[in-house]
Amino acid sequence: MIVTDESLELIARSFTDFRALSLTTCEGFSTDGLAVIATHCRNLQELDLQESEVDDRGGYWLSCFPESCVSLMSLNFACLQSEVNFDALERLVARCISLRSLKLNKTLSLEQLKRLLVIAPQLMELGTGSFFQDFSLQQFTDLEKAFNNCKELRTLSGMWEVAPLYLPALYCVCSNLTFLNLSYANIRTMELACLVSNCPQLRRLWVLDTVGDKGLETVSSSCKNLRELRVFPMDPFGQDRVGVTEKGILAISQGCPNLSYVLYFCRQMTNAAIIAVAQNCPRLTHFRLCIMNPCQPDHLTDEPMDEAFGAIVKICKGLQRLAISGLLTDKAFEYIGLFAKNLETLSVAFAGSSDLGMECVLRGCPKLRKLEIRDSPFGNAALLSGLERYESMRSLWMSSCKVTMSGCRYLAQNKPRLNVEIIKENDEDDNDADKLYVYRTIAGPRRDAPNFVLTL
């Protein structure tokens, strides 16, 4: 979403008792807008800039919080790039005694982190800054002591530029952690093993694929109550690195039977491994497998990955979200239509043989709310097979498929309560609908569409 500084100023000046601002994956605003919020929203309890793109004009905005502001309970500026006014931050944290969540950007040093922990031992969620600094033994001891006083800490993230030498300072808080987010920390197998072996209560784990299969094997033996695993690629475009494979996710499923959420980026997979995952973890509600090489078959048998996803939808009856990848024929979509009766969101990339695949999903998944498809062979027949479904869905996105303008116009003419938008960013064939976005609305066509968006 695009949010402007003018919008933030309007909010700040219009609502004198404004208490919570959460800008998740937003853009269009700057730290000037944050300064206005800090200045005028004197009872602010939450300021969250999760994954937003901010025009960072310096860290002065933190000094705009008045000395009378003591209400903050949650502050997240991890996405900002420039150095903040640390003195202002330290004073703000010290006087907000109800602060429970603090997520810092990577410019904060370990010494500054230690000072914040000393004055805010009540934190339950912490996003550290950089975890790399030349430290004396005494400084390390002081940092470890500061962490040890944080008895309520349950969530830990951040750790940019991590130095393995300083990770032991975290061991004292690991026993109570339920969520460990290492998706920005380039750590290896042994470093992960040392951390998670101290985390018996862990429910959620996010890591980079640098931990390897061996790292995930350690997780499976140490974190028996794990509910959610997300493995992100360190280098999505690097072809030389293996990262994690079917061995890692298989080990997790064998050791963590209560697993309900999986997001897994890899370069190779097998049907047998995913079938075993489904059998070991029948409570899965979210399963998102991204095999980064498009149209990749089972790397041991060269067979399509149809049976893998067939097992997921057959066995995991409560499945709500599914992302599929690899070499897939219409057979996989037939399985989804037949068995995924609770599916709400489906993401498809480089998959399918014909229009029949999409037709099976639209016909067979009564709770489907969101369908995202790219680089797949579905055309007008597939699109129009859902004519009676789209008004009960939240949205449909299709890109680089075989849909044409005539098919989109037919949909728009027959379903006037739908917004049918074509996005043409390049000089494309006038008859091609390279990017199609369909969503239900009661307000009619939007009035803020840019020039490259054509509303039918």
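Which unit do S12, helix H10 and S13 make? Strand S12, helix H10 (residues 271-280) and strand S13 form a β-α-β unit that is right-handed. The model described here is predicted.

**Strand S13 and its partners**

- Strand S12 covers residues 261-266 and runs parallel to S13, the two being joined by six bridges.
- Within this pairing, the residue opposite Arg288 of S13 is Leu263.
- On pairing with strand S14 (residues 321-324), S13 again takes the parallel sense, here over three bridges.
- His286 has Arg321 as its bridge partner in S14.
- Between S13 and S14 the chain passes through helix H11 (residues 306-315), and this β-α-β crossover is right-handed.
- Five of the six residues of S13 are buried, which leaves the strand mostly covered.

**Arg288, a buried charged residue**

- Arg288 belongs to strand S13, which spans residues 286-291.
- Although Arg288 is buried, it has no salt bridge.
- The nearest side chain of opposite charge to Arg288 is that of Glu372, at 7.2 Å; a salt bridge requires the nitrogen and oxygen atoms to lie within 4 Å.
- Setting aside residues up to four places away in sequence, Arg288 touches Arg230, Tyr261, Val262, Leu263, Tyr264, Arg321 and Ala323.
- Leu263, one of these contacts, is also the residue that stands opposite Arg288.

**Nonpolar core**

- The largest nonpolar core contains 147 residues.
- Phe77, Leu89, Phe287 and Leu322 are the residues with the most contacts inside this core.
- Beyond its neighbours within four places in sequence, Leu89 is in contact with Leu62, Leu75, Phe77, Val84, Leu104, Leu108 and Leu116.

**Helix H12**

- Helix H12 comprises residues 330-339, and its buried residues are Asp330, Ala332, Phe333, Tyr335, Ile336 and Gly337.
- These buried residues pack against H11, S14, strand S15 (345-349) and helix H13 (355-364).

**Loop residues with positive phi**

- Most residues other than glycine have a negative phi.
- Glu161, which is not glycine, has a positive phi near 45 degrees.
- Glu161 is placed in the loop between strand S8 (155-157) and helix H6 (171-174).
- Glu161 counts as exposed because its relative accessibility is 54%, and the cut-off for that class is over 50%.
- Ser400 likewise has a positive phi, near 55 degrees.
- The loop that holds Ser400 lies between strand S17 (395-399) and helix H15 (405-414).
- With a relative accessible area of 32%, Ser400 is partly exposed.

**Salt bridges**

- The whole structure contains 18 salt bridges.
- Glu67 and Arg91 form one through their side chains, with an N to O distance of 3.7 Å.
- Glu67 is in the loop between strand S4 (53-55) and strand S5 (74-76), and Arg91 is in helix H3 (residues 86-95), so this pair ties together parts that are 24 residues apart in sequence.
- Of this pair, Glu67 is exposed at 53% relative accessibility, and Arg91 is partly exposed with a relative accessible area of 42%.
- Glu90 and Arg115 form another salt bridge, in which the closest N and O atoms are 2.7 Å apart.
- Glu90 lies in helix H3 and Arg115 in helix H4 (residues 110-119), so that pair links distant parts of the chain, 25 residues apart.
- Glu90 is buried, its relative accessible area being 19%, whereas Arg115 is partly exposed at 33% relative accessibility.
- The side chains of Glu228 and Arg204 also meet in a salt bridge, at 3.1 Å from N to O.
- Because Glu228 lies in strand S11 (residues 228-232) and Arg204 in strand S10 (residues 204-208), the pair ties together parts that are 24 residues apart in sequence.
- Glu228 is buried, with a relative accessible area of 9%, while Arg204 is partly exposed at 30%.

Definitions and conventions: Residues are numbered from 1 along each chain as its sequence is written. This is a predicted model: local features need pLDDT of at least 70, side-chain atom pairs count only at pLDDT 80 or more; totals for chains, interfaces and linings use all residues. Side-chain values use heavy atoms; hydrogens and water are left out. Helices (H or I, at least four residues) and strands (E, at least two) are DSSP runs, numbered from the N terminus. Buried means under 20% relative accessible area, exposed over 50%, partly exposed in between (1.4 Å probe, protein chains only). Lys and Arg count as positive and Asp and Glu as negative; His and the chain ends are not counted. Contact means heavy atoms within 4.5 Å. A nonpolar core is a set of buried Ala, Val, Leu, Ile, Met, Phe, Trp, Tyr and Cys residues joined through side-chain atoms within 4.5 Å. Two strands pair if DSSP finds at least two bridges between them. A crossover is right-handed if, with the strands pointing away from the viewer, the path from the first strand over the helix to the second runs clockwise.
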